[in-house]
Amino acid sequence: MDRRVMEKSAVRAVDGILDNMLVASLDTTLELDRIALLLDIDGTLVELAPTPRDVIVPPHLGPTLEALYERLDGALALVSGRGLTDIDVMFAPLQLPAVGGHGAEMRLSADSEAVAARAPPMDNDLKRRFIAIAQLDPGILYEDKGYSVALHYRLAPQCERAIYAAVSAVRADLPQAPIDVLPGKFVCEIKHAGFTKATGVRELMGCAPFKGRQPLFIGDDVTDESVFAIMPSFHGASFSVGRRAHGVDGYFANPKDVRAWLRHLLDEEAMVR
Ligand SMILES: [Mg+2]
């Protein structure tokens, strides 16, 4: 491809590639000096599992992310509903920049120890109410993420309506409580209002080395839609996984294809060099 066209838009190339769904044989012209990669974890980089603890991180994923992080001069971040501690355990010993807890926590660079908390931990009385909902069925798993709580019901899908009804009852009982309910894939998450993955990404994009780069965000779930919506304001692009979500520039069939594409970015880079 001629240089002029390549420089027109680093993002456009990947857009076309994904539209053609030729993920296995990508002819990418992405310029890694100009982009930032923002990646959801569950359902995007790794396959969903019955519970968050059962998720398997493929052995090559960490090295791929680390190599991309180096090649992007640090402009690679994980954007997850998981807390930062949880994320670090998943990818240990690798530690990457991250937006955790749906924007409640933030780490701007891999070597910064500071984790900025964007919200107070959730009130204990409120948590107790959600713990009570988990007792509706032994298949419902309550997860305390500090800044949010999650009710996982992949093992008890028949409880979906009862869970949301009970959560609605809590909200009706405490109309002043500053909480948002996030429906996900077999998970109902309750977090503080006032921050989202999008608020976290906005903050990240205001800081080096992300600032001024074209962000490419990949996410699979409802909670990622807030980030899809803000990508145009950063001249970025968004991609969903498993379905074509509203407003995205393209989509991947599954996390395996996302991982293959990430490796391909490095392969292309090696060929150019
Ligand atoms: Mg996800």
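Tutor: Two strands are said to pair if DSSP finds at least two bridges between them. Strands (E, at least two residues) and helices (H or I, at least four) are DSSP runs, numbered from the N terminus. The model is a predicted one, in which local features need pLDDT of at least 70 and side-chain atom pairs count only at pLDDT 80 or more, while totals for chains, interfaces and linings use all residues. Residue numbers start from 1 along each chain as its sequence is written.

The protein chain has 9 helices and 12 strands. The part to look at is an open sheet of 4 strands with antiparallel pairing, in the order β6-β7-β9-β8. Its edge strands are β6 and β8 (179-184), each of which pairs on one side only. From one strand to the next the twist averages 15° (axes are lines fitted to C-alpha atoms, for helices over the stretch in contact, and angles between N-to-C directions run from 0 to 180 degrees).

Start at β6. Strand β6 (residues 141-144) pairs with β7 (residues 148-152) in the antiparallel sense, over 4 bridges. In one of them, Leu 141 has His 152 of β7 as its bridge partner. The two strands form a hairpin with 3 residues between them, and Gly 146 in the turn has a positive phi of about 85°.

Next comes β9, which pairs with β7 over 5 bridges, again in the antiparallel sense. Here Ala 150 stands opposite Glu 189 in β9. Helix α6 packs on the sheet, where it touches β7, β8 and β9, and its direction makes about 20° with that of β9. Contact means that the C-beta atoms of two residues, placed from the backbone, lie within 7 Å.

Helix α5 (residues 124-134) also belongs in this picture. Its residues Arg 129, Phe 130, Ile 133 and Ala 134 are buried. A residue is buried if 20 or more other C-beta atoms lie within 10 Å of its own, exposed if 12 or fewer, and partly exposed in between, with C-beta atoms placed from the backbone. These four are on the same side of α5 because they cover an arc of only 150° around the axis, the arc being that of the directions from the helix axis to the C-beta atoms. The other side of α5 has Asn 124, Asp 125, Arg 128 and Ala 132, which are exposed. Among the elements that cover the buried residues of α5 are β6, β7, α6 (160-173) and β9 (187-192).
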